[in-house]
Structures are given as structure tokens and as C-alpha cells.
Amino acid sequence: MQDRRIEVIDLAENGKEELIQDLVSIVTSFCARLYGQRRSRRKTERLIAELTQPPVTSVSSLGE
């Protein structure tokens with residue numbers, strides 16, 4: 001009715017190959033999300049640690 005069609009670009013020879021590709025894509029997506037959250041959490045923890053430390057005053061010893 002709407003003159004649409006589906007074109008298959010990557011034709012898998014059997015359903016098993018397609019299933020494996022889908023599984024790899026899902027695992028990759030979850031790993032990227034997990035490692036992204038870890039990095040964000042570590043960055044936040046590092047920032048909080050820096051903000052809670054007392055300021056360090058440095059004394060210049062340039063041979064004066």
C-alpha cells in the first residue's frame with residue numbers, strides 16, 4: 001500500500017551466524033556502558049578527594 005520494501009544488506013548464510021553477531025553486539029554494548037560508568041565513578045571519586053583535602057601551600061625556595 002505504501003510502496004515500501006526491505007533490502008537485506010548483510011545476508012547471513014544461516015541463523016546461527018546472525019545470532020552470534022547479535023550476541024557480540026549486545027555484549028559489546030553492555031561492556032561499553034559498564035566501563036563508562038566505572039570511569040565516571042572513578043573520576044567523581046578523584047574530584048571529591050581533591051576537594052576534601054586541605055589546600056597545600058608551597059614555599060618557593062629559589063635561593064633567595
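Predicted model: local features only at pLDDT ≥ 70, side-chain atom pairs only at ≥ 80, totals over all residues.
**R39.** I started with R39 and asked myself: is R39 buried or exposed? R39 counts as exposed, because its relative accessibility is 60% and the cut-off for exposed is over 50%.

**Where R39 sits.** Next I looked up the place of R39, and found it in helix α1, which covers residues 15-52. I then checked what else the protein has: one helix and zero strands.

**Charge around R39.** Which residues gather with R39 in a patch of positive charge? I noted R38, R41, R42, K43 and R46 alongside R39, on the surface.

**Salt bridge.** I went looking for salt bridges and got one for the structure. In that pairing, the side chain of R5 meets the side chain of E7, with 3.1 Å from N to O.

**Whole protein.** After those single residues I wanted the overall picture. How much of the protein do buried residues make up? My entry reads 0% of the 64 residues, where buried would need under 20% relative accessible area. For the accessible surface of the protein I wrote down about 7100 Å². Carbon and sulfur atoms hold 56% of that surface.

Conventions. Residues numbered from 1 in each chain as written. Heavy atoms only, no water. Helix = DSSP H or I, 4+ residues; strand = E, 2+ residues; numbered from the N terminus. Buried < 20%, exposed > 50% of the residue type's maximum accessible area, 1.4 Å probe, protein only. Areas by Shrake-Rupley, 256 points an atom, 1.4 Å probe, with all protein chains shown as cover. Salt bridge = Lys/Arg side-chain N within 4 Å of Asp/Glu carboxyl O. Patch = residues over 30% accessible without salt bridge, like charges linked within 9 Å, V, L, I, M, F, W, Y side chains within 5 Å. Lys, Arg positive; Asp, Glu negative; His and termini not counted. Charge placed at Lys NZ, Arg CZ, Asp CG, Glu CD.
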